[in-house]
Each structure stands twice: as structure tokens, then as C-alpha cells.
Amino acid sequence: MDFTYDDEQQALREAVRGLLKQTYGDHEARRQAVASDDGFDRALWGRLAEMGVLGLPFSEDDGGVGAGPVEIGIVCQELGRVLAPEPYLASVVHAGGLVAAVGTPEQKADLLGRLSSGEIVLAAADTSPGGRWTSRADGVRASLDGNAWTLDGVADPVVGGEVADQFVVTAALPDDGGTGVFVVAADAVSRTGYAAADLTRAASVTFDGSAATPLGEPGRDLSESIATISDLTRIMGANQALGVMQSQVRATTDYLKSRKQFGVTLNTFQALTFRAADMYVELELAHSMVDWATMTIAGGDRDVVADAADRVGLAVARAGRHIGQEAIQLHGGIGMTAEYAVGVGTAHLEVLDQWLGNAHHHLTRLSARVTDHELVEAV
Amino acid sequence: MDFTYDDEQQALREAVRGLLKQTYGDHEARRQAVASDDGFDRALWGRLAEMGVLGLPFSEDDGGVGAGPVEIGIVCQELGRVLAPEPYLASVVHAGGLVAAVGTPEQKADLLGRLSSGEIVLAAADTSPGGRWTSRADGVRASLDGNAWTLDGVADPVVGGEVADQFVVTAALPDDGGTGVFVVAADAVSRTGYAAADLTRAASVTFDGSAATPLGEPGRDLSESIATISDLTRIMGANQALGVMQSQVRATTDYLKSRKQFGVTLNTFQALTFRAADMYVELELAHSMVDWATMTIAGGDRDVVADAADRVGLAVARAGRHIGQEAIQLHGGIGMTAEYAVGVGTAHLEVLDQWLGNAHHHLTRLSARVTDHELVEAV
Amino acid sequence: MQLELSQTDREFRDRMREAFTSTVPQEIRDTVLEGRHLTRDQIVESQRALNAEGLAVPHWPVEWGGQDWTDLQRHLWHEEMQRAGVPIPLAFNASMIGPVIAQFGSEEQKERFLPKTANLDIWWSQGFSEPDAGSDLASLRTTAVRDGDDWVVNGQKTWTTLGQHGDWIFTLVRTDPEVKKQAGISMLLIDMTSPGVEVRPIELIDGGHEVNEVWFSDVRVPGDLLVGEPGEGWTIAKFLLGNERVGVAPVGATKRALATLKATAGDLMDDPLVRARVAELENDLLALELTALRVVAHSAGGEPHPASSVLKLRGTVLQQAVSELALDLAGPASLASRAEDDSPQEGWARRAAPTYLNLRKASIYGGSNEIQRQIISRTILGL
Amino acid sequence: MQLELSQTDREFRDRMREAFTSTVPQEIRDTVLEGRHLTRDQIVESQRALNAEGLAVPHWPVEWGGQDWTDLQRHLWHEEMQRAGVPIPLAFNASMIGPVIAQFGSEEQKERFLPKTANLDIWWSQGFSEPDAGSDLASLRTTAVRDGDDWVVNGQKTWTTLGQHGDWIFTLVRTDPEVKKQAGISMLLIDMTSPGVEVRPIELIDGGHEVNEVWFSDVRVPGDLLVGEPGEGWTIAKFLLGNERVGVAPVGATKRALATLKATAGDLMDDPLVRARVAELENDLLALELTALRVVAHSAGGEPHPASSVLKLRGTVLQQAVSELALDLAGPASLASRAEDDSPQEGWARRAAPTYLNLRKASIYGGSNEIQRQIISRTILGL
């Protein structure tokens with residue numbers, strides 16, 4: 001039982017923070033990055049690859065560095081702090097995680113090696129239009145003709161899908177055979193990119209007889225692994241949200257200390273400082289849940305991780321909504337503007353939750369299990 | 001569409017308020033009344049009879065004064081303002097209401113006449129131990145032997161049951177024949193009185209072959225009427241809760257203006273005055289709902305009244321909990337003491353809700369109907 | 001006390017219901033009902049159609065196009081308008097500067113401006129807030145200095161809603177820097193085509209261009225465009241901001257939004273947690289609507305009822321809460337918020353996140369909820 | 001970072017689990033687990049049993065009965081105790097005056113008081129709050145005037161929890177009225193059987209007699225019963241109030257209460273709205289527990305972690321929220337709160353309303369939640 005980072009982890013955090021500060025130290029740089037064609041900073045992506053950050057979760061055999069969940073969490077927190085639009089969660093954690101979980105050794109070495117080096121960007125296509133967080137593919141169907149697999153259907157939103165070189169697609173297998181995972185090259189699909197409310201990019205991807213390569217043993221139902229990788233992504237998304245919330249609380253506190261109204265700084269008004277205190281309470285409680293959920297991953301028990309994903313998902317969704325709303329409210333009008341980071345952070349928190357699982361979703365799942373245990377055990 | 005009281009209604013309010021102020025102008029008097037054998041002030045009850053307040057809801061033919069729901073609501077609000085422990089809701093509104101709804105002309109003239117004159121106290125026995133707000137009797141069974149009806153079972157809580165001379169009992173009819181309503185004399189039952197958390201009294205009443213007289217036509221299922229009278233009682237209970245909440249907001253405001261801490265009065269602290277403002281917001285919104293629900297009664301449509309009872313029940317339960325909790329919190333330690341009215345008011349609000357229907361109950365019923373309409377129409 | 005509308009009011013309501021659907025084109029009303037953005041032309045077209053029927057500015061003096069309605073009738077007018085999806089007449093014209101000119105303006109100003117204001121021939125903008133004068137409006141710094149018959153205006157306004165469409169702007173300026181801060185303020189009407197007026201867009205977090213900065217550099221304003229007396233600006237501003245008893249909270253529009261959400265939510269309406277959330281919101285909206293009716297019934301003599309702050313406070317909270325529910329029901333589909341119309345995601349789901357973000361303003365603009373709490377605690381509770 | 005307990009700590013926890021159930025009688029533990037009231041004798045019996053095993057005052061110096069445990073071990077001790085339904089050792093003895101005497105007391109005071117304090121041979125009461133000195137403790141008015149070697153005490157204390165059982169009371173008194181208000185305060189130990197000490201019960205809204213007023217009329221207190229130096233009382237009080245890093249929030253007890261409620265709620269647990277409310281509370285409690293562990297892990301050198309205020313604030317809110325849920329599940333049965341044990345209503349339901357009312361104190365006593373917010377905003381956020 002230890003909630004502290006070791007020296008190497010601290011060093012990783014500082015290195016990543018330093019790099020991100022060079023790029024996104026000023027919110028204006030973020031605005032330019034999301035307005036660019038790619039929607040993020042390719043140069044930064046390259047430097048993340050050089051630092052080994054893109055290969056963090058993958059084994060050295062696969063071209064990665066074999067770090068643990070705590071390290072990946074640190075990176076996500078730092079990305080969140082500056083609202084970095086890089087598709088790290090989508091490409092490395094989610095799509096890369098799927099490849100690492102179900103791919104053959106050759107597939108892993110190939111795809112994850114090129115992902116880690118920054119050569120290709122992956123995106124996971126696992127959600128159908130109107131779909132809601134399921135590991136059973138319902139929008140894309142796989143067909144087998146001889147040895148050739150093809151996919152048909154639509155996936156949307158595919159986060160990172162606008163720039164992906166390869167898609168990692170969950171698709172319904174023939175004859176109700178469950179859900180498989182396939183790799184599809186970008187030139188085999190048609191896609192329409194768009195920006196989400198936080199200006200990060202996603203795409204609608206249409207598969208129309210698109211040639212596909214099964215990941216791992218062809219035709220096997222992989223929905224368990226798909227669910228676990230979604231849970232891991234949820235937990236890493238919570239790390240990212242934690243970084244956003246930390247920045248929002250800090251920005252709000254700084255603003256209250258500096259902004260004057262009625263001839264005095266805003267921290268003269270007790271009603272406002274108490275609300276900042278409540279933001280801090282939410283932040284710290286969510287922080288504990290994020291650390292805890294991240295630590296559960298090392299245990300390697302699917303069910304424990306699934307439970308942790310729901311718990312941290314609910315916690316950051318609640319905290320994020322509270323903090324995101326209060327951050328804007330305590331800033332007043334300036335919090336509504338795109339040129340100021342705080343409102344964009346609120347948008348980013350919502351996008352993370354609606355993408356990875358919102359409070360309603362996680363609460364529903366936790367409610368279903370509530371009579372299965374007497375007490376929730378933290379350790 | 002008119003939310004104002006006419007002159008007669010204003011006069012009624014002032015008369016009742018004046019009378020109650022004589023008795024309960026000081027909270028100490030209320031403490032003594034609830035500590036007395038009866039648990040309320042018999043002399044006040046007599047004066048309420050003389051003023052016609054006990055006969056307010058009943059027709060002149062039955063010895064009452066035939067006033068409308070707005071007038072009864074006014075009385076309940078005033079009773080709530082001083083936390084009067086008199087069993088008006090239980091005896092007049094609920095038990096008397098049942099008699100008026102289902103009794104024969106002779107039964108009404110007899111029972112309601114004596115109730116209006118203060119000669120007898122009635123109590124409605126309609127809840128089984130552990131039971132939750134149902135118009136279908138589940139704790140007391142009626143049996144017919146020749147022409148003689150008898151009752152068996154337990155009703156608890158029976159509000160006002162400790163002092164009742166006659167019980168108005170809902171009981172399951174033989175052969176799944178629905179629920180009937182019976183009158184049972186106090187000497188035909190055994191009862192154990194107790195105080196609720198607000199120190200008003202109730203009783204556990206055991207029927208053991210107790211001789212009973214059917215109200216109205218014997219053997220008919222009266223559950224519809226029972227439900228409607230419960231709805232009416234819920235709405236009048238909401239009026240009473242409104243009176244309590246008004247007193248709590250006033251007491252809290254006065255306290256903030258007068259109590260000193262750190263050398264200044266508490267209203268210097270913006271975090272506290274803003275919370276008082278939020279209490280006022282809750283109060284005013286609940287007030288509107290109470291007025292509205294009371295006015296729906298005149299229309300005479302059972303379903304409309306049932307809907308209004310759920311809506312106002314939910315509203316006062318939410319507002320009452322907020323206001324009751326904040327009233328204590330903003331008073332600090334003194335709000336916790338029995339000698340100070342504010343904490344007792346919080347207890348009274350909870351007793352009203354748990355007796356007549358709490359937020360969970362009303363929300364569940366409203367949720368069941370939520371797709372039956374497009375919009376909720378106020379008028 | 002009675003719940004039913006009188007015969008007269010019932011007929012009035014029926015007349016409104018009928019008038020709104022027949023007067024304003026379906027296309028415009030659908031745009032409102034589905035939460036899409038209106039164009040300038042649609043807003044103008046709608047208001048002119050209303051004005052032709054005497055429905056644009058009923059609360060104005062009768063001689064300038066008003067109707068001699070009761071407060072309750074004005075309430076019914078306002079609610080039915082929202083219910084039908086009719087755009088509310090432009091607030092800057094109908095609720096703000098129109099009543100101000102009618103009350104404080106010279107005869108010349110009335111004749112020159114009121115008819116065009118009612119008909120939206122002039123689109124007015126509001127020039128009150130400044131970068132360092134938000135909630136503390138009285139600390140504004142934009143100056144107007146006398147030069148002959150003219151005033152010369154310098155300074156910056158901000159949060160000017162729809163200023164990009166503005167023809168004229170009513171502006172609070174400091175005409176006397178010597179006196180106590182409220183006393184030195186005046187109201188000027190400024191033609192936005194005047195040399196030295198510059199409007200710069202502010203991009204909001206929902207991606208929309210809704211507010212602006214307005215810069216004044218040596219803008220010359222003829223002396224007859226000052227409303228009331230020099231130094232009377234603060235009084236006028238208070239009149240303007242406290243003028244409305246009807247329509248303080250967007251009750252009808254929020255009810256409508258929730259009803260639409262219920263209809264579009266599909267299977268999600270089978271979920272007990274969703275049903276409970278909707279039922280709770282419907283109940284809160286009912287309480288709000290009834291409170292609006294009580295305020296209307298009690299207000300007399302043109303003084304704003306203090307409970308207006310209750311309406312503003314709770315009204316914005318509920319408006320925001322409905323948008324939160326929409327976002328949660330939209331789920332992953334809400335990510336497609338800036339996708340084009342050919343997106344496979346449904347329109348309501350695509351609009352959910354921008355609407356949620358946009359409505360954060362509701363508790364900030366026009367007197368933040370903190371200001372409303374202060375009004376309640378001071379004015380009503382005496383704290 | 002790692003989640004698992006070390007081998008040592010796992011063994012420690014198992015040892016605690018075993019010790020608590022074997023040391024303290026089942027009857028006492030059931031009383032706690034079912035939320036019934038403990039008698040004075042039960043509290044004394046339990047603490048003596050713990051003390052005999054070295055489990056009553058582990059955070060004291062080792063020479064006075066403490067254990068050289070890590071903060072995490074103290075946390076585990078505290079949580080397992082609550083989980084087993086063992087009454088927490090009397091806070092006035094174990095957490096308050098014991099550590100104070102060990103830190104500030106004379107050798108004579110230590111020898112005289114510490115063993116009896118650990119063993120609950122002396123029942124201590126706390127004499128801090130006064131009618132006009134609640135959150136603003138430093139404005140206290142009870143005076144102690146030097147007379148020879150003695151102090152003569154006059155004044156009134158209030159909110160003295162369980163003062164009716166008290167043998168001795170540790171009291172903040174004003175010994176120097178001339179200096180700045182914090183500087184003139186000292187701490188005296190007063191024998192409650194002394195002439196002139198009067199304890200008057202305060203009845204609370206739950207009907208319980210839990211707090212008292214304590215009146216001092218010319219009470220003579222020997223000079224050697226002053227702790228530390230004259231004027232050092234404020235420093236000592238701050239030490240006392242900020243002493244605890246472990247057990248600031250009643251996590252284990254609240255978890256236990258919720259688990260018990262789930263088990264007793266029967267069919268109501270099939271209700272989706274009830275399930276959701278329980279699930280949400282369980283999640284909030286998990287976050288609280290983990291935060292307590294983080295605070296324990298980070299605190300070093302005896303300084304209280306500033307996030308203690310987070311624990312106190314959220315801990316009381318959740319304790320209260322569980323009691324609200326219990327009340328709502330009890331429904332009409334909760335009216336029987338003062339019925340005798342032969343009532344046909346279930347015990348948990350009868351206790352629901354008094355417990356709900358009693359727990360309103362949790363956010364008031366011992367530093368109200370407003371004080372905690374102030375600590376957070378000032379100390380942590382620098383506002």
C-alpha cells in the first residue's frame with residue numbers, strides 16, 4: 001500500500017511535462033494545433049516517440065518499453081493538464097492496447113513497433129452511430145469469403161480516426177460468432193473527419209466490403225478482451241481527466257486571487273472561496289480514485305479492473321462535471337471564451353466522459369452489482 | 001388563475017394565527033404540551049372547535065362549516081408555523097375525510113358532528129408495520145359473521161391513535177373483496193402510544209376480534225376513495241410543511257442577523273447569506289407548488305389530485321430536507337437542542353414526509369407516469 | 001385563489017396559440033424547437049411578422065405599439081410563444097432599449113426610434129459590460145467627452161451579444177469622471193456605422209460567434225442621442241435591467257426542450273434512472289412555472305417583484321440541467337458536435353455538447369447567479 | 001505506487017481483526033453495529049479490554065502505553081475496530097487529553113493521569129466551547145484568577161459531550177484578560193467533583209442526553225493542575241484539535257452502517273432508484289477511504305496533512321447521507337422512534353429518525369464544515 005511515485009516515475013513526469021510545456025505552455029499554441037490539418041502537433045508526436053512515450057505500454061519485444069500502468073497514467077495526466085489534442089488515448093492506449101491484447105506476435109511486433117516509433121497512427125473503431133459503450137460490435141459486420149475477410153458497416157465516433165493509418169475494428173463475426181478484432185488500412189475505408197466539442201478530432205468511418213486482417217486467431221470471439229481494453233482505456237481517460245481538473249482548480253484559484261471586482265480581488269468573497277474549496281474536495285477525492293484504479297491494473301484480474309473502471313469512471317464524471325461547471329462560473333464571462341483554456345477544459349472533460357463512459361453508464365453497471373458484495377473493499 | 005387570498009381567507013388566517021400564538025407563541029409551551037399525557041393542548045382543541053376550525057372541511061348538514069381546501073390549507077400552514085402537535089391532519093383531515101368520503105348520511109352526521117364539536121377525536125388506521133403508503137389494506141383483515149363485522153391485525157403507525165376515541169380503519173375484506181373502511185371504538189382495541197421524532201404522538205393499534213361498523217355500504221371495495229383521501233391528506237400535509245419551512249427560513253434569517261462570531265454578526269459572512277438565499281429559493285418554489293396542489297382539489301378530479309399530491313409531495317420533501325438541514329447547520333449547536341424550535345421543526349418536516357409520502361415514494365410514482373404526457377400542464 | 005383561467009384569459013390564450021402558429025413560418029419555428037441556430041434574417045422576419053399582428057412589443061405604451069394587457073396575459077403571450085417555437089422578439093429592442101426610450105427618451109427620440117425598434121428595422125446591441133466591469137458594472141471606463149454639440153466616445157465594451165448584426169448600440173459611458181462612480185454615467189445611442197466603431201468577434205467554447213468586443217476610438221455622437229439627462233445613465237440602466245417581470249426565466253422553452261428530449265430519447269426512456277431524472281426535472285419546472293405565475297399575479301405598479309431573482313436563478317439552473325441530461329443521453333454520439341449534416345449521428349445528439357457548453361453562460365450573463373443570491377439575501381431577506 | 005499491503009501490514013491487519021473480535025464482548029459490538037446506544041459501563045469495559053491488550057492508545061508515546069506503529073498501521077487499527085463494531089476508545093481520553101499531557105504535561109501530571117486516562121479509570125470531559133464562543137473559540141470568557149497557589153474558576157462551558165459521565169474536565173480558561181485574546185488562555189485540569197462545578201443536561205432533538213452545560217462558580221483548582229505554562233492554552237488547544245491524522249472521518253463505521261442497511265432493506269434493494277443511491281454512496285465512501293489512506297501515506301513528522309479537512313468535510317456529509325437513506329427506506333415505520341422495544345416496527349427503522357437528527361451535529365461539532373472550507377480555501381488554496 002503506497003500512494004507515492006518513485007524517482008523514475010517522477011522523472012518521467014517531469015520529462016513529459018517539460019516537453020508538453022514547450023509545445024502547449026501557452027493555450028494559443030493548442031488553439032493553433034487543433035486548427036491545423038492534423039488537429040495535433042506532429043512534431044510533438046515525433047518527440048513523444050523519441051522519448052519512448054508512445055511505446056510505453058508495449059513490451060520491448062514489440063518495440064515498446066514495457067512500462068506499467070502508473071507510468072502510462074502519468075503521461076495521460078500530463079496530457080490532460082495542457083489539454084493536449086494528441087490522440088494518445090485513442091491510438092496508443094486503446095487501439096494499441098487492443099493489438100497488444102489480441103494480436104499474434106508478428107502482428108504486435110509490426111503494428112506496435114511502428115506505432116511506438118511514430119511511423120503510424122492507429123485508431124480503434126468500436127462504436128456504432130448512436131451506440132453506447134458495448135464490447136459487442138453492433139455497427140460493423142465481418143464476412144469471410146475463402147480466406148478473405150471483409151467488413152461492412154459504420155463506426156462513429158472513431159476518435160483519432162481522421163488521421164489514422166490503420167484502423168483496429170471490432171466487428172460482429174458471421175453466424176453470431178461473437179465479436180472479432182480486425183485491422184483495416186485507411187485506404188480501404190471512406191471516412192469523414194470532424195471536431196468534437198473540445199476540438200479534438202474524430203471521424204465517421206464507413207466500411208464497404210473493406211479488406212480486413214483478423215487480429216489473433218481468426219474467427220474467435222474476443223469480446224472479453226475488448227471489454228478489458230475499454231476498461232483500461234477508461235482508467236487512463238480518468239488519469240487524463242485528473243490532469244484537466246488539476247489545471248482547472250489551479251486556474252480558478254489563481255483567477256480568484258488576481259481578478260478584481262468592486263475594487264477588491266474576488267477571493268475577498270467568501271461564497272466564492274468556499275466554492276473553490278468544494279472544487280478542491282472533489283478533485284482530491286477523484287485523485288484518490290484515479291490512483292487506486294490505476295494500481296488495480298497491475299493485479300491483472302479482469303473483473304477487478306472492470307469494477308475499478310466503473311468506479312473511477314463514475315467518480316471522474318461527477319467530479320469533472322462539478323469542477324468543469326464551477327471553473328467556468330467562477331471565471332465568469334471569460335470562462336466561456338475559446339481563447340481561454342478553462343472553458344475548453346470543461347469541454348474536454350465532457351468529451352472524455354461521453355466517449356469512454358459517462359456517470360449514468362457507470363452508475364447503472366455498479367447498481368446492477370450492488371447486492372453482490374457486503375462492503376466495497378479498497379485493498 | 002389567481003394566487004391571492006380573499007378577505008375572508010385572510011381573516012381566517014389571522015384568527016387561527018392569533019389563537020395559536022396565544023398557545024404556542026413560545027416554543028416552551030409546545031414542549032410542555034407534547035410532554036403532557038395527551039401530547040397536545042385540549043383547551044386549544046376546544047377553542048379550535050368553537051371557531052369552527054375542526055368542522056372546516058365538512059358540510060353544514062354534518063355539523064361542519066363546508067369550507068374549501070384553501071381554507072383547510074391555511075389552517076394547516078398556521079399549525080405548521082408553530083409546530084402545533086394537535087392531531088388536526090390525522091383526525092380532521094385524514095380520518096374525518098374518510099368518514100366524509102364513504103360514510104352514510106347518518107354516520108357522517110354522527111361522527112363528523114362530534115368531531116367538529118371537539119367531542120371525539122378520530123384517528124385513521126391504514127398502515128401496517130413496515131408498510132409503505134398503500135390504499136390496499138395489508139395489515140388488518142375484516143371478517144363477517146352473520147351481520148357482525150370484526151377486525152384482526154395490527155396498524156402502526158396510527159397518528160393520533162393514542163388519544164383517539166374512535167378509529168377509522170382500512171381493512172381487507174373477505175374473499176379478496178378489496179379494502180373496506182370501518183369504525184372501531186377505542187375500547188375494542190389494544191393500543192400502545194409513543195412519540196415520533198418530533199414528539200407528536202402515534203400508536204400501535206392491535207385489533208383482535210374487535211367489533212367494527214362498516215362505513216357506507218358494507219362489503220364494498222373503497223380503495224379508490226381511500227387513495228383520494230390519502231392524496232388530500234398529503235396535500236394538506238404539504239401545507240403544514242410549508243408553514244414549518246416559512247418559520248425555519250425566518251428563524252435562520254433572524255439568527256444570522258443577531259448572532260455574533262469573530263466580533264461581527266453572521267450575516268457578514270457571504271457564504272452563509274448565500275445559503276440563506278438558497279433556502280428562500282427552495283421555500284418560494286415549494287410555496288407555489290403547495291398553492292397549486294391545494295387549488296387542484298376544487299376541480300374534483302381524482303386523477304388530477306393524485307398527480308398533484310405526488311408533485312407537491314416530492315417538492316416539499318426535497319425543499320423540507322434542504323431547508324431543515326440548512327436551518328440547523330446555519331444555527332450551529334443551538335439548532336441541535338430540543339429547547340430551540342428550529343431543530344424540532346426539522347424533525348417535524350421529516351415526520352410529515354415519512355408519514356404521508358417521502359420523496360422516493362412520490363418520485364417513483366411520477367417516474368412511472370413520465371411517458372404518459374408530453375408536457376406537464378400547470379393550468 | 002383559483003386555478004382556472006378566466007373565460008377571457010382562456011380565450012386570450014387560445015388566440016395566442018392560434019396566432020403564433022399562423023403568423024410565424026413553420027421553418028423558423030422548427031429551427032427553434034430543434035435547438036438549431038437562427039439566422040439574422042429569420043429573427044428579423046419573425047419579429048416583423050409578430051409586429052404586424054401587434055404581438056412583438058405588447059408591454060410597450062399603447063401609443064408606440066403596445067397592448068393594454070394584464071401581466072397574466074403578457075405571461076401567457078410569452079409562454080405560448082416559446083411553446084410554439086416562435087423566436088422571442090429581440091430582447092435588446094423589445095425588452096431593453098424600447099421601454100427605456102419610451103420612458104426616458106425625448107419625443108424626437110421616440111418618433112425616430114420606437115417604430116423601427118419594434119419592427120426590427122434597427123437591430124440594437126447592448127454596450128454595458130467592459131473587460132474590468134462585469135458584475136461591478138458601475139466601474140465602467142468608456143468615456144464620452146463633450147465637444148461642441150457632440151460627445152466623443154473612447155473605450156471598449158465586451159460581451160456584446162449578436163453585436164455583429166447591430167445597427168445601433170445603446171451604451172453606458174462615463175460623462176463625468178469627477179463625481180462618485182454611479183453618478184457620472186450616461187446613456188448614449190450610437191450608430192454602429194460611425195467612424196471609429198469596431199466590432200471584433202469573440203469565439204465561445206461552443207464554437208459559436210455570439211458575443212463581441214466593441215471598440216470606440218474617437219467616435220463622434222451627436223448630442224441629441226443622449227437619453228435622459230447626463231448622469232442619469234445608472235438610473236436608466238437599473239430601470240432597464242429590472243424592467244421585466246414576465247419572461248425572466250425561460251420556462252416554456254425549457255419545458256419544450258425536455259419534452260423534445262423525451263420524444264427523441266427512444267429506448268433510454270425505459271431506463272428507471274432516466275425516467276426519475278426526467279420526472280424530477282418536470283416537477284422542478286412545474287414549480288418554476290407556478291412561481292412565475294405567482295410573481296405575475298403579485299406584481300403591480302411596474303415595480304419588479306423581488307422574487308424575479310428566484311426565477312432567474314432557478315430558471316438558468318434548470319435550463320442547464322436539461323442540457324446535461326441531453327448530453328448524457330446522447331453519449332458517444334455527442335462527440336460528433338462539429339460534424340456536418342450528413343453525419344450518421346442524430347442532430348439532437350450532435351447539438352448536445354455545444355448546447356450544454358453554450359448554456360453555461362445562462363448563469364453568468366445578465367446578472368450572474370451570485371448577483372441573484374446577493375439580491376435575494378439583501379433585498380428580500382434583509383441580510 | 002502499489003495497492004497491496006506489505007506482508008507485515010497484512011499480518012498486522014489480520015492480527016487486529018482477530019484481536020478485536022476476541023477482546024471485546026459480542027454484546028457490546030452488536031450494540032455498536034446495530035446503532036444502539038452504549039451505556040457508560042459498556043464503553044468503560046470495552047476500553048479496558050482494549051487497553052489490556054495494548055490496543056487502546058497505540059498513538060501515545062511507547063512509555064505511556066503506545067505502540068510504535070506506522071501511520072498506515074494506525075489507520076488499519078482504526079478501520080478494523082470500526083468494522084468489528086468495537087467502540088472507538090473515548091476520544092476525550094485517548095485522542096485529546098492523553099496526547100496533550102504526554103506532550104505538554106509535567107512528569108507529575110503524566111504519572112498521575114496517563115495510566116488512568118488510557119484505562120478509562122478517569123473519564124475526561126472537554127471544556128472548550130462557550131455560549132458565545134463556538135466557531136470563534138478564542139473569544140471564550142471563563143476566567144481563572146490566581147489566589148495563592150490555586151486558580152479560582154468562574155464561567156460556563158457548553159456542548160460538553162457525555163459530561164454527565166465525566167470525572168475530570170480539561171478546560172480552556174482566560175488567565176490573563178489584559179493581553180490579546182489568544183494569548184491570555186490557559187488549560188486547566190479540573191476535578192468535576194470539586195465544589196462549584198455543576199453539570200446541566202441539554203436535551204437534543206433526537207431525545208438523547210449527549211451534551212451538557214458545565215457551570216463553574218468559584219471553583220478552586222490547585223496550581224499544579226495547569227498544563228504547560230500560563231498563556232500556553234491556545235497552543236495546546238491547536239495541538240489537540242490538529243493532533244489526529246488517523247480517524248478524522250468515520251469511514252469504517254459509515255461503510256458498516258451502509259452494509260447493514262443493505263442487508264436489512266429487504267425487497268427495497270430490488271428498487272433501481274435505491275440501488276443507484278446505494279451504489280453512489282459506496283463509491284463516494286470508497287473515494288473517502290482511499291483519500292484517508294493517501295493522507296496517512298503522505299503525512300510525516302506529526303504535522304497534520306491539510307487534506308484532513310477534506311476528510312472531515314466529506315466524511316460527515318456521507319455519514320449524514322447514509323442516515324438519510326436509512327430514513328427514506330424506513331418510511332412510515334420511522335415514526336415509531338420513541339416506541340418501546342415491544343413495538344412491531346423493526347429496530348433499525350425505529351432508530352432511523354433519531355439517528356438522522358443526531359448526525360446533523362457531525363457537520364457542526366469539532367470544527368463545522370464551514371470552518372473546514374475556510375481551512376481548505378486559506379491553508380491549501382491560499383485564498
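**Domains 2 and 3 of chain C**

Tutor: Between domain 2 of chain C and domain 3 of chain C, the count is one salt bridge. This is a predicted model, where local features need pLDDT of at least 70, side-chain atom pairs count only at pLDDT 80 or more, and totals for chains, interfaces and linings use all residues. Residues are numbered from 1 along each chain as its sequence is written, chains are lettered from A and ligands numbered from 1 in the order in which they are written, and side-chain values use heavy atoms, leaving out hydrogens and water.

Student: Why is the pair C:Glu210 and C:Lys361 called a salt bridge?
Tutor: The closest N and O atoms are 2.8 Å apart. The term asks for a side-chain nitrogen of Lys or Arg within 4 Å of a carboxyl oxygen of Asp or Glu, so the pair qualifies.

Student: What makes C:Leu120 buried or exposed?
Tutor: Its relative accessibility is 2%. Buried means under 20% relative accessible area, exposed over 50%, partly exposed in between (1.4 Å probe, protein chains only), so C:Leu120 counts as buried. C:Leu120 also has a positive phi of about 55° although it is not a glycine.

Student: And why is D:Trp159 called partly exposed?
Tutor: D:Trp159 comes out at 23% relative accessibility, so it counts as partly exposed. Its phi is positive too, about 60°, although it is not a glycine.

Student: What is the omega of the cis peptide bond between A:Asp156 and A:Pro157?
Tutor: About 0°. In chain B, a cis peptide bond joins B:Asp156 and B:Pro157, with omega again about 0°. Most peptide bonds are trans.
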